[in-house]
Amino acid sequence: MLELRQVTKRYRGIPAVDDVSFRLEAGTVLGYLGPNGAGKSTTVKVITGMIEPTHGQVLFRGRSIYDYLPEYRARLGYVPEEAQVYTHLSGLEYLQLVGRLRAMSEDAIARRARGMLSLFGLEHAAESPITDYSKGMKQRVLLSAALMHNPELIIFDEPLSGLDAVTARLFKDLLLVLKREGKAVLYISHVLEVVEQVCDQVIILAGGKVLANAAPQELTQLTALPTLERVFAQMVQQTDTVTAAEDLVRLMHA
Ligand SMILES: Nc1ncnc2c1ncn2[C@@H]1O[C@H](COP(=O)(O)OP(=O)(O)OP(=O)(O)O)[C@@H](O)[C@H]1O
């Protein structure tokens with residue numbers, strides 16, 4: 001459904017994303033992993049059409065997204081890592097605004113906005129301003145906003161951020177149902193335990209380059225490591241975290 005072909009994005013000559021290619025098929029969840037600064041957000045900006053790559057192509061259903069950005073965006077749902085929300089609006093008003101911007105019918109907006117708020121346990125707060133919401137409540141509104149228009153391609157950037165255990169569980173189940181519905185999901189997260197459970201395929205990115213693109217089970221088998229977290233740590237050569245933690249505490253006494 002979505003294909004990146006040799007996408008490179010440079011800032012002042014320095015590549016943030018370097019020759020990245022992958023395909024995301026309908027009915028699959030693709031985990032997009034990488035340490036801080038690896039190029040994940042830059043890739044998402046390219047996929048959402050917010051920035052154009054320096055080189056390469058982004059194809060949706062075989063067509064360059066830049067040839068039909070408005071229609072493409074109508075089929076895209078996106079939960080950003082850091083969202084600018086109009087906090088003076090209530091959750092309900094925000095979803096109504098999003099629905100209208102997406103040219104949904106008033107009928108559908110009315111049904112889906114209230115329904116989603118209620119499914120995410122926000123019925124009681126539907127009319128309160130978002131500024132009064134907790135982080136997790138705001139995140140649930142953002143999830144609702146991304147799904148309201150029934151998109152084909154959905155990008156979740158750190159979606160569990162601030163969610164309580166029950167909502168996180170609902171989110172994991174939601175991913176499975178979205179898969180069954182034939183949606184294509186790009187899932188960016190540092191929570192590797194969840195990634196390992198829900199993703200069909202994972203890409204590990206470091207320094208803007210793809211280090212691995214395989215099923216989580218393939219990666220653990222190939223490397224003979226017990227978890228995706230261990231595979232990830234080995235691939236991106238993160239420092240020994242135990243030693244680093246001890247050094248940090250030692251510095252607190254220095
Ligand atoms: N607008 C910009 N101008 C210059 N450099 C940028 C810009 N945006 C990102 N970069 C650089 O590109 C690289 C990749 O950044 P990016 O935000 O895509 O990483 P990330 O994987 O999303 O990191 P994180 O996990 O911390 O969110 C970093 O080195 C960053 O400093």
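**Close-up views of a predicted model**

**View 1. The shell around the ligand.** In this predicted model, the ligand is surrounded by Tyr11, Ala16, Gly34, Asn36, Gly37, Ala38, Gly39, Lys40, Ser41 and Thr42. Helix H1, which covers residues 40–47, supplies the largest share of this shell, with 3 residues. By residue type, the shell divides into 6 polar, 3 nonpolar and 1 charged.

**View 2. Strand S7 is mostly covered.** Take a look along residues 153–157, the span of S7: 5 of its 5 residues are buried. Leu153, Ile155 and Asp157 point one way from the strand, while Ile154 and Phe156 point the other way.

**View 3. The partners of S7.** Strand S6 (residues 76–79) pairs with S7 in the parallel sense, over 4 bridges. Within this pairing, Leu76 has Leu153 of S7 as its bridge partner. S7 also pairs in the parallel sense with strand S8 (residues 184–188), over 5 bridges. There, you can find Ile155 opposite Leu186 of S8. To get from S7 to S8, the chain passes through helix H6 (residues 165–180), making a right-handed β-α-β crossover.

**View 4. Arg250 in helix H10.** Our last stop is Arg250, which lies in the helix formed by residues 241–252. Arg250 counts as exposed because 9 other C-beta atoms lie within 10 Å, and the cut-off for exposed is 12 or fewer. The C-alpha atom of Arg250 is separated by 57 Å from that of Arg111, and the two residues are 139 residues apart along the chain.

Terms used
Residues numbered from 1 in each chain as written. Predicted model: local features only at pLDDT ≥ 70, side-chain atom pairs only at ≥ 80, totals over all residues. Near = placed C-beta within 6 Å. Helix = DSSP H or I, 4+ residues; strand = E, 2+ residues; numbered from the N terminus. Nonpolar A, V, L, I, M, F, W, Y, C, P; charged D, E, K, R; others polar. Buried ≥ 20, exposed ≤ 12 C-beta atoms within 10 Å, placed from the backbone. Pairing = 2+ DSSP bridges. Right-handed = clockwise from strand over helix to strand, strands pointing away.
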